[in-house]
Amino acid sequence: MEPFELSTTFVHLSPGSRATPVPDFAWTPEFMAAYGERFAADGAEGRLVCITAQSVTWDSWERHPAGQELVYLLSGRVDVVLDLDGGEHVVALTPGLAMVNPANVWHTAVVHEPGLALFITPGQGTEHRPLA
């Protein structure tokens, strides 16, 4: 019942309205594999909630086949770029604005002013590809 920083202790949301803190979250292959195994039973219904720094423009695209992702910008200025029908659609975010990334749509981010963003992500099956 102690408070924690959502930027270092992420939270996994499971079916049945359960929320499990995941301390010292790391984007390493080893950590991600262990996280995936730990919550595999949640399938497409599991969600990762986190606040991450948006300090530099992303160097890859990603997509989430399992469902839609909520993005809420807390600070800074970021353009989320969606690859829709072979063209790029830009969603400009400033503090207090949110958007929903559609399921299975490639997206990346261009950081104009560093800041923080809150993500609620269906992580199962997430894919990455280099920027073209």
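This is a predicted model: local features need pLDDT of at least 70, side-chain atom pairs count only at pLDDT 80 or more; totals for chains, interfaces and linings use all residues.
## The open sheet

Start with the strands. An open sheet is built from 6 of them, in the order β2-β1-β3-β10-β5-β8. The pairing is antiparallel. Two strands sit at the edges: β2, residues 18–22, and β8, residues 98–101. Each of these pairs on one side only. From one strand to the next, the twist averages 20 degrees.

Strand β1 covers residues 10–14, and strand β3 covers residues 47–54. They run antiparallel, and 3 bridges join them. His 12 stands opposite Leu 48 in β3.

## The helix across the strands

Helix α1 spans residues 29–38. The helix lies across β1, β2 and β3. Its direction makes an angle of about 155 degrees with β2.

Glu 30 belongs to helix α1. Is Glu 30 buried or exposed? Its relative accessibility is 60%, so Glu 30 counts as exposed, the cut-off being over 50%. Asp 79 lies 49 residues away from Glu 30 along the chain. The C-alpha atoms of the two are separated by 30 Å.

## The largest pocket

Rolling a probe the size of a water molecule over the atoms shows where empty space is left. In this model, the largest pocket holds about 890 Å³ of space. The pocket is lined by 32 residues. Which of them are closest to its centre? They are Trp 27, Met 32, Leu 48, Thr 126 and His 128.

Several elements build the lining. At least two residues come from each of β1, α1, β3, β4 (60–63) and β10 (115–121). Which strand gives the most? That is β3, with 7 residues.

## Two loop residues with positive phi

Ser 17 sits in the loop between β1 and β2. Its phi is near 60 degrees, a positive value in a residue other than glycine. Ser 17 has 78% relative accessibility, so this residue counts as exposed.

Asn 104 also has a positive phi, near 65 degrees, and is likewise a residue other than glycine. Its place is the loop between β8 and β9, the latter covering residues 107–113.

## A buried valine

Val 81 is part of strand β6, residues 77–84. Is Val 81 buried or exposed? The relative accessibility of Val 81 is 6%; buried means under 20%, so this residue counts as buried.

What does Val 81 touch, leaving aside residues up to four places away in sequence? The list is Trp 61, Glu 88, His 89, Val 90, Trp 106, His 107, Thr 108 and Val 110. One of these, Thr 108, is 27 residues from Val 81 along the chain. The C-alpha atoms of Val 81 and Thr 108 are separated by 5.3 Å.

Terms used
Residues are numbered from 1 along each chain as its sequence is written. Side-chain values use heavy atoms; hydrogens and water are left out. Two strands pair if DSSP finds at least two bridges between them. Helices (H or I, at least four residues) and strands (E, at least two) are DSSP runs, numbered from the N terminus. Axes are lines fitted to C-alpha atoms, for helices over the stretch in contact, and angles run from 0 to 180 degrees between N-to-C directions. Contact means heavy atoms within 4.5 Å. On a 1 Å grid over the protein atoms alone, a cavity is a set of points where a 1.4 Å probe fits but cannot get out, and a pocket is an open set with protein on both sides within 12 Å along at least five of seven lines; lining residues have an atom within 4 Å of a point. Grid points are joined across faces, edges and corners, and a volume is the space filled by probe spheres set on the points. Buried means under 20% relative accessible area, exposed over 50%, partly exposed in between (1.4 Å probe, protein chains only).
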